[in-house]
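Here are my notes on the model you sent over. Have the structure open while you read, and go through the points in order.

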Amino acid sequence: MLKRNYRTTRQIAEAAATLLDNNNAVEDEEALDQFFSHSGPSPKVFAANNDDEMFMWLVHEIQSASRELHLPPSSAALLLPNNKLARYTANRMTGLGLRTEYMSGRHLDLRSMASKAITLYSSKGLEFPIVAIPYVEEGYIPRSLSNELVEDLEKHLNQDLRLLYVGCTRSMRRLLITYRKDNMSRFLRDLDGYIWHLCEFT
């Protein structure tokens with residue numbers, strides 16, 4: 001029996017599921033066995049040349065999505081691999097004109113009038129109209145392992161892939177993923193251009 005999904009769009013759910021499928025992980029059958037109440041544009045993926053280009057693209061896309069959805073930019077959350085990158089991202093985004101506040105998992109203020117920069121771990125159980133996930137790169141998503149034994153590596157990669165999947169499915173209406181092109185995460189290989197909107201920055 002199909003379950004009605006009121007949270008996210010069909011496009012976001014289907015795109016997130018392809019991350020599991022492309023990386024030989026077991027798909028979330030319960031997530032796919034749903035009827036979606038909402039539809040929207042394909043999630044966007046952008047390969048930046050450097051940090052500056054990545055953050056300028058994010059500011060532009062979040063502001064555009066906010067206007068399209070008739071929501072304030074504070075409805076956006078940026079999900080980062082760790083707290084250090086979350087702080088850095090908040091500072092960079094604020095410097096480019098999009099007020100963004102770093103928040104730890106213990107001090108998450110969803111009523112703040114700023115966009116939220118939090119870790120992927122802190123996002124579990126939450127939902128936001130607009131979600132951006134920067135630094136989907138090797139060494140961050142997935143994290144590096146000091147001792148990459150085959151059995152440990154497989155478990156580690158599956159955990160980090162699931163974390164990325166959870167982050168993607170925190171998004172209700174718009175999903176943005178970006179990375180620096182010289183360090184693309186293995187999880188983003190073989191993305192389907194019909195399901196993901198592969199962007200160029202102009």
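1. In which sense, left-handed or right-handed, does α3 cross α4? α3 passes α4 in a right-handed crossing. Bear in mind from the start that this is a predicted model, so every value in this note is computed from predicted atoms.

2. Let's stay with that helix pair for a moment. Two packed helices are described by the angle between their axes and the distance between the axes. For α3 and helix α4, which covers residues 83-95, the angle is about 70 degrees and the axes are 10 Å apart. Angles of 65 to 115 degrees count as roughly perpendicular, and α3 and α4 are therefore roughly perpendicular to each other.

3. Which residues make the contact between α3 and α4? On the α3 side you'll find Asp51, Asp52, Phe55, Leu58, Val59 and Ile62. On the α4 side, look for Tyr88, Thr89, Arg92 and Met93.

4. Now step back to the whole chain. It has 5 helices and 9 strands, and along the sequence they follow the pattern β-α-α-β-β-α-β-α-β-β-β-α-β-β. Of the 202 residues in the protein chain, 48% are buried. Take the contacts between residues at least 6 apart in sequence: 77% of them join residues at least 24 apart.

5. Next, the aromatic rings. There are 4 aromatic pairs in the count. In one of them, Phe46 and Trp57, the ring centres are 5.0 Å apart and the planes are at 20 degrees, so the pair is stacked; the cut-off to remember is that planes under 30 degrees apart count as stacked. Phe46 sits in strand β3 (residues 44-48) and Trp57 in helix α3 (residues 51-69), so this pair ties together parts that are 11 residues apart in sequence. Are these two residues buried or exposed? Phe46 is buried, at 2% relative accessibility, and Trp57 is buried too, at 1%.

6. Compare that with the rings of Tyr135 and Tyr140. Their centres are 5.7 Å apart and their planes are at 75 degrees, so this pair is edge-to-face. Tyr135 has 1% relative accessibility and counts as buried, whereas Tyr140, at 26%, counts as partly exposed. Ring pairs also link Phe55, Tyr88, Tyr135 and Tyr140 into a cluster. You have already met two of these names: Phe55 is part of the α3 side of the helix contact, and Tyr88 is part of the α4 side.

7. A few backbone details deserve a look. Most residues other than glycine have a negative phi, and most peptide bonds are trans. Tyr135 is not a glycine, yet its phi is positive, at about 60 degrees. Tyr135 lies in the loop between β7 and α5. Pro142 lies in the loop between β7 (128-133) and α5 (150-168) as well, and a cis peptide bond joins Ile141 to Pro142, with omega at about 10 degrees.

8. Where is Asp190? Look in the loop between β8 (171-180) and β9 (197-199). Asp190 is another residue other than glycine with a positive phi, near 65 degrees. With 68% relative accessibility, Asp190 counts as exposed, while Tyr135 is buried.

9. Leaving aside residues up to four places away in sequence, Val131 touches Ala77, Leu79, Gly167, Arg170, Ser171, Arg174, Leu175 and Leu176. Val131 and Cys168 are 37 residues apart in sequence, but their C-alpha atoms are 7.4 Å apart in space.

10. How many disulfides does a search of the whole structure find? The search finds 0. Cys168 is buried, at 0% relative accessibility, and Cys199 is buried as well, with a relative accessible area of 14%; the cut-off here is that buried means under 20%.

Notes
Residues are numbered from 1 along each chain as its sequence is written. This is a predicted model: local features need pLDDT of at least 70, side-chain atom pairs count only at pLDDT 80 or more; totals for chains, interfaces and linings use all residues. Side-chain values use heavy atoms; hydrogens and water are left out. Rings of Phe, Tyr and Trp (its six-membered ring) pair if their centres lie within 6.5 Å; planes under 30 degrees apart count as stacked, over 60 as edge-to-face and the rest as tilted. Helices (H or I, at least four residues) and strands (E, at least two) are DSSP runs, numbered from the N terminus. Buried means under 20% relative accessible area, exposed over 50%, partly exposed in between (1.4 Å probe, protein chains only). A disulfide is a pair of cysteine sulfur atoms within 2.5 Å. Axes are lines fitted to C-alpha atoms, for helices over the stretch in contact, and angles run from 0 to 180 degrees between N-to-C directions. Angles under 35 degrees count as roughly parallel, over 145 as roughly antiparallel, 65 to 115 as roughly perpendicular and the rest as oblique. A crossing is left-handed if the near helix is turned anticlockwise from the far one by less than a right angle, and right-handed if clockwise. Contact means heavy atoms within 4.5 Å.
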